[in-house]
Amino acid sequence: MFQIGKTIVSEEIIENDFVCNLNACKGQCCIDGEAGAPVADDETEIMVDIYSKVKPYLSPEGIVEIEKQGAFVKGEDGEWETPLVNGNACAYVILDEKKTAKCGIEEAYNDGVIDWKKPVSCHLYPVRVREYTELTAVNYHKWEICDDACSLGTELQVPIYKFVKESLIRKFGKEWYAELEEVAKEHVKR
């Protein structure tokens with residue numbers, strides 16, 4: 001681990017490679033699991049505000065669950081998260097013609113309907129951020145459904161921190177990311 005400002009960062013995001021391979025996994029990370037995607041406190045109001053614009057992009061099942069549970073819910077860990085359909089798929093998931101899971105929020109963003117891409121936790125994946133009183137932990141979340149993404153990342157020689165560059169800058173800023181790049185350069189020399 002190393003520290004950048006008020007963050008503690010795992011070396012795993014420098015040492016491991018990753019590039020999403022939707023052709024292989026079909027977006028399983030948005031479908032499998034016991035909890036919804038984490039939603040930050042400052043994102044909850046956004047989720048409510050964009051819902052009417054995102055709704056046309058969503059599945060009928062997702063709409064039912066969002067209108068029943070809300071745009072976000074309190075998870076078992078006490079944190080905010082996206083609601084689920086049938087206890088596993090994110091309510092914002094849509095399937096394309098190849099049955100690949102995509103984010104209805106991101107599709108609305110890509111079409112210019114909204115100006116918010118999606119919850120930062122989704123944008124950061126496979127990086128997970130955990131806020132503590134004094135520091136924020138930045139870790140790699142390894143999940144076997146992403147083995148193909150790890151293989152593709154290795155093949156293309158893309159470390160995790162480079163794969164999620166845009167989202168790390170979104171979360172922590174350009175200066176923080178520049179410092180991460182310097183740490184990565186030094187770490188690779190070892």
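In which sense do β2 and β10 pair, and over how many bridges?

**Entry 1, ground rules.** I am working with a predicted model, where local features need pLDDT of at least 70, side-chain atom pairs count only at pLDDT 80 or more, and totals for chains, interfaces and linings use all residues. Residues are numbered from 1 along each chain as its sequence is written, and side-chain values use heavy atoms, with hydrogens and water left out.

**Entry 2, strand β10.** I looked up my opening question: β2 (residues 7-9) and β10 pair in the parallel sense over three bridges. Strands here are DSSP runs of E with at least two residues, helices are runs of H or I with at least four, and both are numbered from the N terminus. Two strands pair if DSSP finds at least two bridges between them. I found Val138 of β10 as the bridge partner of Val9.

Next I checked β9 (residues 127-131), which pairs with β10 in the antiparallel sense over five bridges. Here Arg130 has Ala137 as its bridge partner, and four residues lie between the two strands of this β9-β10 hairpin.

I also noted that four of the five residues of β10 (136-140) are buried, meaning under 20% relative accessible area, with exposed over 50% and partly exposed in between (1.4 Å probe, protein chains only).

Which residues of α4 (residues 60-69) are buried? I listed Gly62, Ile63, Glu65 and Ile66. They sit on the same side of α4 because they cover an arc of only 165 degrees around the axis, taken from the directions from the helix axis to the C-beta atoms. On the face turned away from that buried side, I found the exposed Pro60 and Lys68. Gly70 follows α4 with a positive phi, near 115 degrees.
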